[in-house]
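Q: I am new to this structure and would be grateful for a close look at one part of it. Please take me through the details in a connected way.

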Amino acid sequence: MKPAAARAGPKDGPGRSERVVSRLGRRRRGRRVREGFRTDDGCGMSDYERSRTMPALPEHVFDQASAVSRLDSWLPSDLHVHEAQGLPAVTVHEDRTGEDAAALFRAQPDRLRVEWGTRDSSSYAGWLQVTGVGAGASEVTVHLSFFDERHDPGEETVRTALERSLERLEEQVRLRVDNAG
């Protein structure tokens, strides 16, 4: 029997994404969670990514994820983001180190995308993308890149933080939607 990718037909053929998703994902409490990945290019750069399907409209998820004033409600509990001299400038405080870092934060409502990264040092960058998947649901993908291995807390730590952040984001979106309705 041919591998799933070979059976799927052309790269953009029908059913391709469904087969790939079913191989990448697993279900947890009725929601698909795409397993993260980690790459290391041999130069100290590492990438991590996690995705989660949420039962909410993409606009509701993006509104919660993109407001600087609401970041503390879903980011890892030891990170705190505060507007600096006006967006896109922000300050990120990390409890673990007690340090503040100058960073940039940009929300792109037309693309349902948020991007961030350190400003003065090229330590890390990341993005969050919200995509509608139909029937009032959204897929949220968070991606982190660490450009300096000294700033990479390690695969297990990042995986846990991303997973927990997506859980917290889903809970905050659910609370906002339930309270609005």
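In which loop does Leu112 lie, and between which strands?

A: The model discussed here is a predicted one. Leu112 belongs to the loop that runs between strand E6 (99-108) and strand E7 (113-118). Although Leu112 is not a glycine, its phi is positive, at about 50°. Its relative accessible area is 16%, so Leu112 is buried.

Ala135 sits in the loop between strand E8 (124-134) and strand E9 (137-146). Ala135 is not a glycine, yet it has a positive phi of about 55°. With a relative accessible area of 88%, Ala135 is exposed, whereas Leu112 is buried.

Between E7 and E8 there is a loop that holds Arg119. The relative accessibility of Arg119 is 34%, so this residue counts as partly exposed. Arg119 and Ala102 are 17 residues apart along the chain, and their C-alpha atoms are separated by 5.4 Å. Ala102 is also one of the residues in contact with Arg119 when neighbours within four places in sequence are left aside; the others are Gln85, Ala89, Ala103 and Leu104.

Helix H3 covers residues 58-66, and its buried residues are Pro58, Val61, Phe62, Gln64, Ala65 and Ser66. These buried residues pack against E6, E7, E8 and E9, as well as strand E3 (46-54) and helix H4 (155-180).

Arg159 and Glu163 both lie in H4, 4 residues apart, which is about one turn of the helix. They form a salt bridge in which the closest N and O atoms are 3.6 Å apart. Arg159 counts as partly exposed at 30% relative accessibility, while Glu163, at 14%, counts as buried. Both residues are part of a network of salt bridges that also links Arg50 and Glu156.

Arg164 is partly exposed, with a relative accessible area of 46%, and Glu167 counts as partly exposed at 21% relative accessibility.

Asp178 and Arg174 likewise meet through their side chains in a salt bridge, at 2.8 Å from N to O. Being 4 residues apart in H4, they too are separated by about one helical turn. In the whole structure, a search finds 9 salt bridges.

How values were computed
Residues are numbered from 1 along each chain as its sequence is written. This is a predicted model: local features need pLDDT of at least 70, side-chain atom pairs count only at pLDDT 80 or more; totals for chains, interfaces and linings use all residues. Side-chain values use heavy atoms; hydrogens and water are left out. Helices (H or I, at least four residues) and strands (E, at least two) are DSSP runs, numbered from the N terminus. Buried means under 20% relative accessible area, exposed over 50%, partly exposed in between (1.4 Å probe, protein chains only). Contact means heavy atoms within 4.5 Å. A salt bridge is a side-chain nitrogen of Lys or Arg within 4 Å of a carboxyl oxygen of Asp or Glu.
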